[in-house]
Amino acid sequence: MALSGAVHGFVGYIGRGPCPCKRLSSWKFFKNCSIPWDMNTPLDLNGVTVWKGLLDRDAQENIVAALRILAEAAPFRTYLTPGGKAMSVRMTGAGPLAWVSDRSGYGYAPLQPDGGAWPEIPACLFDVWRQVAEDAPLPDSCLVNFYGEGTKMGMHQDRDEAELSHPVVSISLGDEALFRVGGRKRGGPTKSVWLASGDVAVLSGEARLAYHGIDRVRFGSGTLLPKGGRINVTLRVAGAYSSRNSAARAPERSG
Ligand SMILES: O=C(O)CCC(=O)C(=O)O
């Protein structure tokens with residue numbers, strides 16, 4: 001299957017070196033756009049903060065290397081929606097809790113669908129979190145989305161976490177993707193931006209519950225993943241350490 005080939009291409013990729021995530025200070029120009037943009041000033045997309053080019057190539061390669069190890073312990077899977085439809089984006093996770101979906105609903109699970117433990121969240125992802133969400137507790141959940149050719153993610157809210165006041169940090173790697181953000185209610189006006197490899201979006205404050213999704217991916221547009229595709233890493237505080245851990249599912253879910 002082409003998709004699994006692409007996932008294997010990603011899994012087979014090895015990066016090297018430390019995790020030098022850094023905020024650059026130079027001015028850049030958007031592709032196909034003449035508006036200069038200061039990399040120290042994030043974009044505001046209906047309240048969602050988008051840090052363009054936050055992660056340099058070394059940082060991106062280090063994250064991909066860490067995700068390769070993660071995916072060996074927790075392979076990418078195709079989840080079903082509660083309605084029984086297969087999602088086009090393949091997913092895996094890490095942390096004490098990871099997001100899952102099947103016919104019984106969306107939520108967080110302490111174990112993989114086959115019963116294995118989720119791997120730990122790679123340290124370099126905490127470095128990214130600290131850069132953009134330093135006042136929030138560290139995330140206890142990491143969702144890794146792999147977008148192959150022709151995949152997308154419909155507009156949705158992130159609201160399966162026990163505590164909805166903590167930010168969601170979303171890292172883009174690989175091919176470019178059209179990211180759409182609306183308001184806290186479905187429908188209504190939206191704004192969109194093409195996310196490139198190394199961009200980081202933060203949903204916080206009023207925009208923590210903003211509807212958002214990926215309209216499409218420019219498959220093959222990036223150079224980070226040798227066989228193309230896009231990886232999105234979403235870090236959240238799901239509530240593993242919360243006394244009100246109502247979002248976590250029982251471990252004995254069926255796969
Ligand atoms: O792929 C993205 O940039 C968005 C991912 C997302 O919205 C999610 O995992 O909830």
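**Strand pairing, helices and the ligand shell**

In strand β14 of the chain, R216 is the residue that stands opposite L178. This pair belongs to the antiparallel pairing of β11 (residues 176–181) with β14, in which the two strands are joined by 6 bridges. The model described here is predicted. β11 and β14 are part of an open sheet of 4 strands, ordered β9-β14-β11-β12 and paired in antiparallel fashion. Its edges are formed by β9 (153–156) and β12 (191–195), each of which pairs on one side only. From one strand to the next, the twist averages 20°.

The protein chain as a whole contains 3 helices and 15 strands. Of its 255 residues, 43% count as buried. Among contacts in the chain with a separation of 6 or more, 77% are accounted for by residues 24 or more positions apart.

A second open sheet was found, with 7 strands in the order β3-β4-β13-β10-β15-β8-β5 and antiparallel pairing. β3 and β5 (90–94) are at the edges of this sheet; each has a single partner strand, so one side of each lacks a neighbour in the sheet. Neighbouring strands are turned against each other by 20° on average, direction ignored. Helix α3 (residues 123–132) packs on this sheet and touches β4, β8, β10, β13 and β15. The direction of α3 makes about 125° with that of β10.

At the β3 end of the strand order, β3 (residues 43–45) and β4 (residues 48–51) run antiparallel and are joined by 3 bridges. The two strands form a hairpin with 2 residues between them. N46 lies in the turn and has a positive phi of about 55°. T49 of β4 takes part in both pairings: D44 stands opposite T49, and T49 in turn stands opposite V202 in β13.

Helix α2 comprises 17 residues (57–73). The buried residues of α2 are A59, Q60, N62, I63, V64, A66, L67, L70 and A71. An α-helix has 3.6 residues a turn, so residues three or four places apart point the same way. The buried set includes I63, L67 and L70.

The ligand is surrounded by L143, N145, M153, D158, S170, S172, F179, H212, I214, N232 and T234. By residue class, this shell divides into 4 nonpolar, 6 polar and 1 charged. Four strands, β8 (141–147), β10 (168–174), β14 (212–218) and β15 (230–236), each supply at least two residues of the shell.

Methods. Residues are numbered from 1 along each chain as its sequence is written. This is a predicted model: local features need pLDDT of at least 70, side-chain atom pairs count only at pLDDT 80 or more; totals for chains, interfaces and linings use all residues. A residue is near a molecule or strand if its C-beta atom, placed from the backbone, lies within 6 Å of it. Ala, Val, Leu, Ile, Met, Phe, Trp, Tyr, Cys and Pro count as nonpolar, Asp, Glu, Lys and Arg as charged, and the others, Gly among them, as polar. The expected span of a helix is 1.5 Å times one less than its number of residues. A residue is buried if 20 or more other C-beta atoms lie within 10 Å of its own, exposed if 12 or fewer, and partly exposed in between; C-beta atoms are placed from the backbone. Two strands pair if DSSP finds at least two bridges between them. Axes are lines fitted to C-alpha atoms, for helices over the stretch in contact, and angles run from 0 to 180 degrees between N-to-C directions. Two residues are in contact if their C-beta atoms, placed from the backbone, lie within 7 Å.
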